[in-house]
Amino acid sequence: MEYDELVSNILKERKENKSDRFNPPEVDVQQVGQKTVVFLDKLSKYINRPVSHISKYLMHELTAPGQIDDNGKITLGGRFSMRLVNDKIKQYIKEFVVCKQCNSPDTQMNKVDKNYFVKCLGCGAEYPVGRIK
Ligand SMILES: [Zn+2]
């Protein structure tokens with residue numbers, strides 16, 4: 001599926017289930033041997049951000065290698081607790097989802113060249129967000 005198509009599907013879904021409270025689901029975390037599996041599917045849909053981008057952030061923050069599979073699941077090399085992973089997710093949401101102008105979570109992220117921009121559907125603000133190395 002094309003990224004744009006994915007985004008518009010997600011937006012449609014969000015409109016249908018629109019709730020006034022922004023309450024992102026906690027992500028499930030399973031430790032398997034020396035690896036940690038994180039389930040990002042539900043969260044990704046809820047916050048309208050691609051699994052690949054959230055994964056990249058987690059890998060960077062936890063300095064762990066990771067592998068994404070088709071079901072929105074990422075396997076990280078190393079053992080990380082559910083608490084730690086969810087703390088990172090909260091940081092991600094603050095950095096890449098919630099509008100820095102008005103705190104609305106109703107935002108879109110667009111990629112222009114190699115840079116990401118967040119556009120707020122509440123107040124109309126648009127600003128660049130950092131690239132994850
Ligand atoms: Zn805003």
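## Strand pairing and the open sheet

Strands β6 (115-120) and β7 (126-129) run antiparallel and are joined by four bridges, where strands are DSSP runs of E with at least two residues and helices are runs of H or I with at least four, both numbered from the N terminus. Two strands count as paired if DSSP finds at least two bridges between them. Opposite P128 in β7 stands F117.

These strands belong to an open sheet of three strands, ordered β5-β6-β7 and paired in antiparallel fashion. Because β5 and β7 stand at the edges with a single partner strand each, one side of each is left without a neighbour in the sheet. Direction ignored, neighbouring strands of this sheet are turned by 30° against each other on average.

## Basis of the model

This is a predicted model, in which local features need pLDDT of at least 70 and side-chain atom pairs count only at pLDDT 80 or more, while totals for chains, interfaces and linings use all residues. Residues are numbered from 1 along each chain as its sequence is written.

## Overall make-up

The protein has four helices and seven strands, which follow the pattern α-β-β-α-α-β-β-α-β-β-β along the sequence. Of its 133 residues, 17% are buried, a residue being buried if 20 or more other C-beta atoms lie within 10 Å of its own, exposed if 12 or fewer, and partly exposed in between, with C-beta atoms placed from the backbone. Among contacts with a separation of 6 or more, 40% link residues 24 or more positions apart; a contact requires C-beta atoms, placed from the backbone, within 7 Å.

## The crossing of α3 and α4

The axes of α3 and helix α4 (residues 82-96) come within 10 Å and cross at roughly 120°, the axes being lines fitted to C-alpha atoms over the stretch in contact and the angles running from 0 to 180 degrees between N-to-C directions. That angle makes α3 oblique to α4, since angles under 35 degrees count as roughly parallel, over 145 as roughly antiparallel, 65 to 115 as roughly perpendicular and the rest as oblique.

In this contact, I54, Y57, L58, E61 and L62 of α3 meet V85, K88 and Y92 of α4.

## Positive phi in two loops

N48, in the loop between α2 (41-47) and α3 (51-62), is a residue other than glycine with a positive phi, near 60°. N48 counts as partly exposed because it has 19 C-beta neighbours inside 10 Å.

D113 lies in the loop between β5 (107-112) and β6 (115-120), and its phi is likewise positive, near 55°. D113 is exposed, with 5 other C-beta atoms within 10 Å.

Terms used. Contact = placed C-beta atoms within 7 Å.
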